[in-house]
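Here are my notes, written to be read with the model open beside you. Take the points in any order you like.

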Amino acid sequence: MANQQRVLVVDDETSMREVLEIVLTNAGYSVTLAGDVDEAAAHLEREQFDAVMTDLFMLNDRQAGMRLLSWLQEHAATTPVIMMTAHGSIETAVEAMRRGAIDYIQKPFSNDEIRLRVKRAIEQRNLLRENQALRKEQARHGDIENMIGKSPATQEVLTMIRRVANLPSTVAIHGESGAGKELVARALHQLSDRAKKPFVAINCGGIPESLLESELFGHKKGAFTGAVEDKEGLFVVADGGTIFLDEIGEMPLMLQVKLLRVLDNSTVTPVGGTTAVKVNVRVLSATNRDLKKMSEDGGFRSDLYYRLNVIPIHVPPLRQRPDDIPLLTRHFIRTMTSKMGLKDLDISAEAMQTLSRYPWPGNVRELGNVIERAVALNTVDRLEVADLPQQLREAASQVKKPSPTLPSEGIDLEQQTADFEIALITQALERSRYSQKRAAELLGLSARSLRYRLQKYGLDEN
Ligand SMILES: Nc1ncnc2c1ncn2[C@@H]1O[C@H](COP(=O)(O)OP(=O)(O)OP(=O)(O)O)[C@@H](O)[C@H]1O
Ligand SMILES: [Mg+2]
């Protein structure tokens, strides 16, 4: 019976072990017995249990049960532990609860009491897990709102996500490393009707070929050396939900054939198995390689390429949407300071300008790392250029200066300079949607000197 719940009983007294084994087996549990802490730990290392019942005082060791409890806290913190104590030792029972036991039971106890306590412990544990899953789900939900970016390019991606989230079609997400492909995949799942079902991500590049196959499709016991029991593949785990095949360009050709079959038939066959299992999974993939070119050159099956690429979404590199940089920067400053328990930080206009000018080969991830480092190193209450890595400072100083030539007839310098300033100030205002604070940052001016110029040129009339 695969769904039988497993209980580990730890007691140094043979008669007590026997009684518990009979009572719990009759109640429908699969019971494993251990006579001391080491034996219990050995079982716990090998298999998962739904609950552990342990005696406190074993083999002259008053703390044996407590030792097992700490071991469990470290190695399998979600396994509920019921501590069995001698009659009258309520203080130690309380101490056990304080150290993480889910319940205690005093000897002697009735059979009904045991059954009830074990059942309750497992239910309580399941509830806890559900809550955790829910919280994770909510945290992920935050990911969509956390997809920062007001630039037209990012807005286009967001519109696309909303439009296709609920379709069954495959989506291929491409874009440079660190551009936000995984974020897009999660958003697609979150906004779909599948949101309550699993989102399973797997990096096809990080796993050896033989393992990848059994990870994706599962295997039967004995299919290969080391396959000691049946294992469900991720396609089965993701049933009803979404699977995200990251770095799909790294998938070996042999597996590409199998994946194509899964996509065509909506069924998976585990390694070493003969029967196919029906699955209902939305398939998303991502790559930073040029799959089309790879498929033309034979590095990727072209039939699979077309099958995966029904809806392509391109996440543009950060350098093509510099308007997102100030927003992302503020977002990262906020998240990093709150993660480090610091006060929110300001950033100097010059530092913001340096960030906005850098081409960001590592994209949003690199920006996040740079801000994390700057926040960690910063000692005053404002991020300055000095807090940024050297390569950024150098790149900023290499920005081309305008090199006008003086016409032979001469110019009106005052007027030309004014025109030049007005043109750039107007652009900065438009780009920052008329936020003077942000416009000043874009221009490397203080808010005051921007106001002065607005007045001077009569740009502040509305
Ligand atoms: N628009 C965005 N708003 C906020 N955070 C973002 C945005 N885009 C990316 N990030 C953050 O940048 C980091 C990199 O994003 P992600 O992992 O999605 O990139 P990727 O394209 O999958 O990269 P790789 O190709 O290296 O796997 C993540 O921490 C992600 O949360
Ligand atoms: Mg990724």
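1. Start with L59, which is found in the loop between β3 (51-55) and α3 (64-75). Helices here are DSSP runs of H or I with at least four residues, and strands are runs of E with at least two, numbered from the N terminus. Phi of L59 is near 45°, a positive value in a residue other than glycine. L59 is also exposed, with a relative accessible area of 54%. For the burial words, buried means under 20% relative accessible area, exposed over 50%, and partly exposed in between, with a 1.4 Å probe and protein chains only.

2. A word on what you are looking at: this is a predicted model, so local features need pLDDT of at least 70 and side-chain atom pairs count only at pLDDT 80 or more, while totals for chains, interfaces and linings use all residues. Residues are numbered from 1 along each chain as its sequence is written, chains are lettered from A and ligands numbered from 1 in the order in which they are written, and side-chain values use heavy atoms, with hydrogens and water left out.

3. Y434 sits in the loop between α17 (413-431) and α18 (436-443), and it is exposed at a relative accessible area of 55%.

4. Now the sheet. In which order do its 5 strands come? The open sheet reads β2-β1-β3-β4-β5, with parallel pairing. (Two strands pair if DSSP finds at least two bridges between them.) β2 (30-34) and β5 (103-106) stand at the edges with a single partner strand each, so one side of each has no neighbour in the sheet. Neighbouring strands are turned by 20° against each other on average, direction ignored.

5. Helix α4 (residues 90-98) packs on this sheet, touching β4 (81-85) and β5, and its direction makes about 160° with that of β5. Contact means heavy atoms within 4.5 Å. The axes are lines fitted to C-alpha atoms, for helices over the stretch in contact, and angles run from 0 to 180 degrees between N-to-C directions.

6. On to β3: 4 bridges join it to β1, with V10 partnered by T54. β3 also pairs with β4 over 4 bridges, in the parallel sense, and there T54 stands opposite M83.

7. Is β3 enclosed or open to the outside? 5 of its 5 residues are buried, so β3 is largely enclosed by the rest of the structure. Both faces are covered, with A51, M53 and D55 on one side and V52 and T54 on the other.

8. Look at the peptide bond between K107 and P108: it is cis, with omega about -5°. P108 lies in the loop between β5 and α5 (111-145).

9. The salt bridges come to 27, counting a side-chain nitrogen of Lys or Arg within 4 Å of a carboxyl oxygen of Asp or Glu. One of them joins D324 and R321 at 3.3 Å, N to O, and both of these residues are buried.

10. D323 and R431 meet in a salt bridge too, at 3.8 Å, N to O. This pair links distant parts of the chain: D323 is in the loop between β14 (311-314) and α13 (324-339), while R431 is in helix α17, 108 residues apart. D323 is partly exposed at 33% relative accessibility, and R431 is partly exposed at 47%.

11. R453 lies in helix α19 (residues 447-456) and E421 in α17, so the pair ties together parts that are 32 residues apart in sequence. R453 is partly exposed, with a relative accessible area of 21%. Elsewhere, D103, E113, R117 and R120 are joined into one network by salt bridges that share partners.
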